[in-house]
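Biologist: Could you take a close look at one part of this model for me, the place where the two chains meet? I'd like it as one connected story.

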Amino acid sequence: MINSPGLNATLASVMRNDRGRLISALIGALGDFELAEEALSDALESALTHWARTGIPNSPTGWLLTVARRKAIDRIRRQKRFQGYTPEITHLAKMDEMDANANAPDIADQRLRLIFTCCHPALAAKTRVALTLRTLGGLSTGEIAAAFLDTEPAMGQRLSRARKKIARARIPFVTPAPDQWGERLNSVLAVIYLIFNQGYAATSGTSPTRVDLCDEAVFLARLLDQLQPAEPEIEGLLALLLTTHARRPARQNSSGATVALADQDHALWDHEMLGQGLDLLDRAIARGASGPYQIKAAISALHVGAAREAATDWHQIVLLYDALLGFEPTPVVALNRATALAEAGGLDQALQEFARLSPDLADYQPYHAACAEYLGRAGDHRASQAAYGRAIALSGNDADREFLRARRDKAAQKGSTTSREQ
Amino acid sequence: MQYMALIYTEEGKGPKPGTPEFGAFMKGYMDANEVYKRDGVLIAGDGLKGIDTATSVRIRGGKTETMDGPFAETKERLGGYYLFECEDLDAAIKYAAMIPTVAFGTIEVRPVMMPEDYGK
């Protein structure tokens, strides 16, 4: 007999590493997301009883796949009791027989198809994120609900509706055709980037960094890079995530407040991860096909390099934002460009840009934080203090509020000194 | 699987009859129809007369009520449809995107219920 904590730990580890592989193999065989999920959870239940009695099998993943297929046959039989003709069962039984003859079943890797299906543009953006985390990341419905400030039943319903839509509208379980590849890949990259950002800047609670979701995004980006090697935008995304994630330990001081990049203790950075990210970016750029994630990674890399050498090449960063605007002409990218422009010595031009962007970014916290900083530098202290007030009110976590309050108070002191001098 | 592509447009949008743009627009429909026939996906497709010709009917309390006008007064109106037979949603979206109205209106793609879907 194996004790149940040990057994649970083994199962959890198998699921952590192989869930995506298992579920994609099952969907490939069954052509049905819901049935695959149900059969896999049947198999897990069965593993708990059998493994406790007979010990953990040589290939736990192979065992789970074989049992899940049998469970699927049971479910199809129950559903189709009155229909007699069941080609699926014949097909599945044949696969089962083939497995029985092989020592360790060979599980064809269909995870790339699975990623593209979970990130299909016919699903809502939030649904794509949730389905990817559930299906490939193996996060529980409760964990996903918590990460997105949703209730568990609401998230459960969202996932269930998505699986139903995939089945009933027949969203295909395939990697997209070459003429669709670019657009569909963008959707996958956007989902992973969204997961990372959700983890990086959690909008509520006391800890701004949800390590789990950042790790999850890095895991997914690595998986994607492994499944589809030499794709420069995948490499660009992974490089962006790694160069950002490597700086995480230095982003908060001991009292939990956010620390600006320029003030971070570089010894706290994960230099191995940083190196991986920078190498990856070099490889991506050498392929000669630019794209938004490579540009974002290049900007991130410039910030890192500058922090090491204490001089940021802001002109280069402005140029990179110009290139990024070509791919993503959004107000947020324009704001980042204006910020870089202010740092590059174009403060007046930057302030004009801020004014132009005001209607689009009225509820965007980083917009007001940037206005506060640069209005202060231009000597307009009253407007700067007002902008700090709005930025603090719009902050979703304590670390960011603390950071902005400290800056506001420092700026207020400076402002009153300046007015006395005048 | 069968998919219905419902063609919605806002009144007054799109090329006006009699203009060269309208000619190109109609030719776009003819070209799309050729592709649908060539690929063997076309089951049916029609344009509908304007909503000023619409009548809505319902029975309430055993009495037939007719009303002048469409079911719902919305900015975007149903102006026509196609019925496609294709492999999956990706194919249906591909053919729906060839409908010229897609450039200024919206095409809603809906799978058609099959006998096994009833009761689901």
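Modeller: Asp90(B) and Arg184(A) join their side chains in a salt bridge, 3.6 Å from N to O; the term asks for a side-chain nitrogen of Lys or Arg within 4 Å of a carboxyl oxygen of Asp or Glu. That makes one salt bridge found across the interface of chain B and chain A. Helix α2 of chain B, residues 89-96, gives the most to the side of chain B that touches chain A, with three residues (helices are DSSP runs of H or I, at least four residues, numbered from the N terminus). This side of chain B splits into six nonpolar, no polar and five charged residues, where Ala, Val, Leu, Ile, Met, Phe, Trp, Tyr, Cys and Pro count as nonpolar, Asp, Glu, Lys and Arg as charged, and the others, Gly among them, as polar.

Keep in mind that this is a predicted model: local features need pLDDT of at least 70, side-chain atom pairs count only at pLDDT 80 or more, and totals for chains, interfaces and linings use all residues. Residues are numbered from 1 along each chain as its sequence is written, chains are lettered from A and ligands numbered from 1 in the order in which they are written, and side-chain values use heavy atoms, with hydrogens and water left out.

As for the whole contact (heavy atoms within 4.5 Å), chain B brings 11 residues and chain A eight. The two chains bury about 830 Å² between them, 54% of it from carbon and sulfur atoms; that is accessible area (1.4 Å probe) lost on being put together, summed over both. On the chain B side, Met1(B), Leu89(B) and Asp90(B) lose the most area to chain A, together 51% of what that side buries.

Conventions:
Helices (H or I, at least four residues) and strands (E, at least two) are DSSP runs, numbered from the N terminus.
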